[in-house]
Amino acid sequence: MAKQDVLQRWSVKDSADLYGVKDWGAGYFDLNAKGEVVVCAGNGAARVEVSIMDVIKGIRDRGMSLPVLLRIENLLDSQISLLNDSFARAMQQSGYKGRYQGVFPIKVNQQAQVIEEIARFGARFDHGLEAGSKAELIIALAMIPSPKSLIVCNGYKDEEFIDLGLYAVQMGYKCFFVVETPAELPIIMKRSAELGVDPYIGVRLKLSSRAGGHWQDSGGDGSIFGLTTNQLIEIVDTLRETDKLHCLQLLHYHLGSQIPNIRDIRQAVRETVRFYADMVKEGAPMGYLDLGGGLGVDYDGSQTNFVHSRNYSLDEYCSDVMEVIVEVLNEQDVVHPTVITESGRATVAYASVLLFDVLDTNRFEAGPIPDTLPEDSPEMLENLWLVRKSLNLKNMQECYNDAIYYREEIREQFRLGTITLRQRALSDNIFIDIIQQIAGSLDRIKRVPRALEGLQNVLHDIYYANMSVFQSLPDAWAIDQIFPIMPIHRLSEEPERRAIFADITCDSDGKIDKFPDMHDVRTSIPVHALGPDEEYFMGVFLVGAYQETLGDLHNLLGDTNVVSIRINEKGGHDFVREIEGDSIWDVLTYVEYEPKALISRFRDKAEDAVQSETITVAQRRQIMKAFEESIRGYTYFER
Ligand SMILES: *Cc1c(COP(=O)(O)O)cnc(C)c1O
């Protein structure tokens, strides 16, 4: 091989750089020498990796189709360990005398298997659960591993909610009611008097500190949650007057999720610790300082204070938080409390990957263009033809403007009926060819005109993704959340196309057209060219937080199949759980159809067609078989 060839050949490392897998993968994802994405578990000499292609093969060999949500238990375990270890280290370094006890906020991923794993693995750290509703409290009460782990109840609480929590206290569990509005306190005190159980009371602060990012309205003065300083004082006074101040043991705030800037975090902690210290001085026993959620995930790998990133590591988060706490408490001479965080996103985001196949592609490229223009071509088409002929490196901007002008004119004349469909089609081809020639030449000119910057990004193919954005990536649709997306295989080949993804709903919002980038958001990503019938597998990463239950049944595309694996020390993997996604039967019942009645109605129609001799009896049988098989099948495209 010539030296030149060696230098230019695309390598797996090029793909790793292109998709930024080392930047957002947090050490959990990488590429192997075969050009496949692998999941990594264990550290140092114990590090093992599993190819996601092998997992896909295992899934299909078991008769399951894509799309599949892949959960990797090891990553959940690892994140819980990292969080607890990191706080332990930060506390040791800052000379802290209290301890750390995290709670997982159930709303971030309520799926039974996820909560079971968090409870099971978290038990060694006394990691607890946070509940925001009655349903979540019921999960917490049943799943909490032992009375050593905490239960924190946020959200609006009625008598029934409070009774459940008080029973838990009666049974020896530390179940805190966080008072979010003054109206809750009388209900809590009334029920606790009636049941004869002293409650553990927390108060939620409305901080004046605010944080940037998507969810900035959850904290700050304008927040819909939390108590004002006056309400806080009233609660302290009420508890003191009724001789119940000893119940007040926890101070809580939640600044919002995905806080990108460590400065905002430090500021909120400082303000909160000041409140804490003064509440101790008011005579409340306290003992628990709950800093809520907000620990970010670096979705784009840029390590910046951009909304999809965070400008701090987990270690920096813990040490900064502890530094501020120690400083303020020591200054005020207050005993060090147990520090709680309610980190949800950072705990579960990494552990789930959405895998889907690409069904088809629509290439952005010009159709056939003849050598000469047909005789009867209208003037505007001739003009466009001349633009294409005259195009060179020096007049690109001008040709670009002209091409757009003539294309508009031609479209207008088509609307008026003076240009035929075939003439319009030819003009579209010529136009696309001009734009592609320009885009392809941009890296050969020194100064790219402003109007042509980013032209390559706009010229993309459409890849049809066997999934529903609404069901599997609701935040990508609702709040423009970006997730890292990349092919799972073929990464030793250079991806020579650029694409966006359209899902299989018929909604024009059912697309993925925003991708992570180190500097901004990309509007298309490089992908490999696909031949007819060629299979192509993509992964959407870091989807473990918030996506599953927020998803909806748009177009009646249901829950995907879920497969959970555990990577073992030998580098193999076990399928620990398979959950079949919704069948068409299931989704029909969600919208109150009776599938049996639908079959019977359709059978009547088929019988009518037999009676009127539109179809034969044999055809009826075939049609009914297809109908009944479909109604029991998967809601997604099946090969
Ligand atoms: C949503 C929520 C959390 C979780 O926040 P993350 O940013 O996902 O860690 C924690 N606490 C409360 C009160 C919440 O509402």
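The structure is a predicted model in which local features require a pLDDT of at least 70 and side-chain atom pairs count only at pLDDT 80 or more, whereas totals for chains, interfaces and linings use all residues. Residues are numbered from 1 along each chain as its sequence is written, and side-chain values use heavy atoms, with hydrogens and water left out.

The C-alpha trace of the chain spans about 100 × 75 × 55 Å along its principal axes. The chain contains 23 helices and 23 strands, these being DSSP runs numbered from the N terminus, with helices (H or I) of at least four residues and strands (E) of at least two. It is divided into domain 1 (3–61), domain 2 (96–343), domain 3 (379–455) and domain 4 (585–631), with bounds that come from an automatic or database domain assignment. The centres of domain 2 and domain 3, taken over C-alpha atoms, are separated by 60 Å. Of the 639 residues in the chain, 53% are buried, where buried means under 20% relative accessible area, exposed means over 50%, and partly exposed lies in between (1.4 Å probe, protein chains only).

The structure holds 19 aromatic pairs, a pair being two rings of Phe, Tyr or Trp (its six-membered ring) with centres within 6.5 Å, counted as stacked if the planes are under 30 degrees apart, edge-to-face if over 60, and tilted otherwise. One of these pairs is formed by Phe176 and Tyr200, which are tilted, at 5.3 Å centre to centre and with 50 degrees between the planes. Because Phe176 lies in strand β8 (residues 174–179) and Tyr200 in strand β9 (residues 200–204), this pair ties together parts that are 24 residues apart in sequence. Both Phe176 and Tyr200 are buried. The rings of Tyr405 and Tyr406, by contrast, have their centres 5.4 Å apart and their planes at 65 degrees, so that this pair is edge-to-face. Tyr405 is partly exposed, with a relative accessible area of 46%, whereas Tyr406, at 17%, is buried. One aromatic cluster is formed by Phe356, Tyr463, Phe501, Phe515 and Tyr536.

Charged side chains also lie over aromatic faces, the criterion being that NZ of Lys or CZ of Arg is within 6 Å of the ring centre and within 35 degrees of the ring normal. Arg388 lies over the face of Trp385, at 5.9 Å from the ring centre, and Arg407 lies over the face of Phe431, at 4.0 Å from the ring centre.

Side chains of opposite charge can pair when their charged atoms come close. A search of the whole structure finds 45 salt bridges, each defined by a side-chain nitrogen of Lys or Arg within 4 Å of a carboxyl oxygen of Asp or Glu. Lys190 and Glu159 meet in a salt bridge at 2.7 Å, N to O. Since Lys190 belongs to helix α9 (residues 184–195) and Glu159 to helix α8 (residues 159–170), the pair ties together parts that are 31 residues apart in sequence. Lys190 is partly exposed at 39% relative accessibility, and Glu159 is partly exposed at 35%.

A salt bridge also joins the side chains of Asp480 and Lys514, at 3.7 Å, N to O. Asp480 is located in the loop between α19 and β15 (485–487) and Lys514 in the loop between β17 (511–512) and β18 (515–516), so this pair ties together parts that are 34 residues apart in sequence. Asp480 is partly exposed, with a relative accessible area of 37%, and Lys514 is partly exposed, with 34%. Lys514 forms a salt bridge with Asp513 as well, the closest N and O atoms being 3.5 Å apart. Elsewhere, salt bridges that share partners join Glu73, Asp77, Glu117, Arg120 and Arg566 into one network.

Two loop residues complete the description. Leu473 is found in the loop between α18 (469–472) and α19 (474–478) and is buried, with a relative accessible area of 1%. The C-alpha atoms of Leu473 and Tyr546 are separated by 9.0 Å, although these residues are 73 residues apart along the chain. Val591, in the loop between α21 (584–590) and α22 (595–611), counts as partly exposed at 38% relative accessibility.
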